[in-house]
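Here is a short briefing on one protein chain.

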Amino acid sequence: MNNFQGQTLSWELKAGVVEVALHRAPCNEIGSQTLEDLEKLAAAFPALEKNAHALIIHSALDCGFCAGADLRELYQRSQQMEKSAAAAGVREFLERIHRVMNALDASPLTTIAAVHGLAFGGGLELALTCDLIIADKTARFCFPELRLGLIPGFGGIPRLKRDLGNAVVRDLLLTGRSFNVTKAQQTGFVSQIVAEGEALRAARSTAAQLGKFDRNTSAAAKKFIKPIPYDELKREIDIFCELFAQPAVEAGLKKFVESTDSQPYLP
């Protein structure tokens, strides 16, 4: 399936590049519907990879790349179910999102996140599955999960540890503060900074350059330099689920859902 139009995202294959556009208002929060659409993307990889050499993920919304997990949906489900059932549902969701993220991480395609505005929580975790992050000057990166009594649950910590030093991981995780694009490049997880509104154009230019290389060689190089930390990813799910059962999480989610701020996920 070279083209797809879903409720939360769409993709198109052209000139050897798969372009994935996120378009779920208000800011591409990752909930059950987004997960289903991401699973369709992962299922399409074998067919897409036959005719593509690169994949770009970007947002079609002005707000930014992705504000993270759909916390309202998470809270509502936790209130509608018995605690044991809610915990089981959270684990199932995490296992499914990890399979998708791992598929993106392991794809032989060279993957590029074109980021503007917010890339918070699960949005940052989605970007970190990509081989390259190209960001415009409005981009901001954050792991705000500790404010909810949780840790990132979509694979962010193991992937950040794989790519960067522990000092950066601890700074993002334990302080909950956001990095601007300059800080993100200095610490090493943004590869290129461009002018406002230019991230997608720069990603397309990079993808075109990548098309000049032998695909098998690029895939072999990627596999060599980008091992997937499967054991740590599994442990992350366990820790998240252990924390989800704590009273602090329900209180944090309730505070978020009841916030009157237009963008309560902002620091």
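- Strand S1 (residues 3–5) and strand S2 (residues 9–14) run antiparallel and are joined by three bridges. Strands here are DSSP runs of E with at least two residues, helices are runs of H or I with at least four, and both are numbered from the N terminus. Two strands pair if DSSP finds at least two bridges between them.
- Phe-4 stands opposite Trp-11 in S2.
- Three residues lie between S1 and S2, which form a hairpin.
- S2 also pairs with strand S3 (residues 17–22), in the antiparallel sense, over six bridges. Leu-13 has Val-18 in S3 as its bridge partner.
- S2 and S3 form a hairpin with two residues between them. Ala-15, in the turn, has a positive phi of about 55°.

**How to read the model**

- This is a predicted model: local features need pLDDT of at least 70, side-chain atom pairs count only at pLDDT 80 or more, and totals for chains, interfaces and linings use all residues. Residues are numbered from 1 along each chain as its sequence is written, and side-chain values use heavy atoms, without hydrogens and water.

**Aromatic rings**

- There are four aromatic pairs. Rings of Phe, Tyr and Trp (its six-membered ring) pair if their centres lie within 6.5 Å; planes under 30 degrees apart are stacked, over 60 edge-to-face, and the rest tilted.
- The Phe-93 and Phe-154 pair is tilted, because the ring centres are 6.1 Å apart and the planes are at 40°.
- Phe-93 is in helix H3 (residues 83–106) and Phe-154 is in the loop between strand S9 (140–142) and helix H5 (156–163), so the pair ties together parts 61 residues apart in sequence.
- Phe-93 is buried at 16% relative accessible area, and Phe-154 is buried at 5%. Buried means under 20% relative accessible area, exposed over 50%, and partly exposed in between (1.4 Å probe, protein chains only).
- Phe-141 and Phe-189 make an edge-to-face pair, because their centres are 5.3 Å apart and their planes at 90°.
- Both Phe-141 and Phe-189 are buried. Together with Phe-179 they form one aromatic cluster.

**A buried charge**

- Asp-136 lies in strand S8 (residues 132–136).
- Asp-136 is buried yet has no salt bridge (a side-chain nitrogen of Lys or Arg within 4 Å of a carboxyl oxygen of Asp or Glu).
- The nearest side chain of opposite charge, Lys-137, is 9.7 Å away. Lys and Arg count as positive, Asp and Glu as negative; His and the chain ends are not counted.
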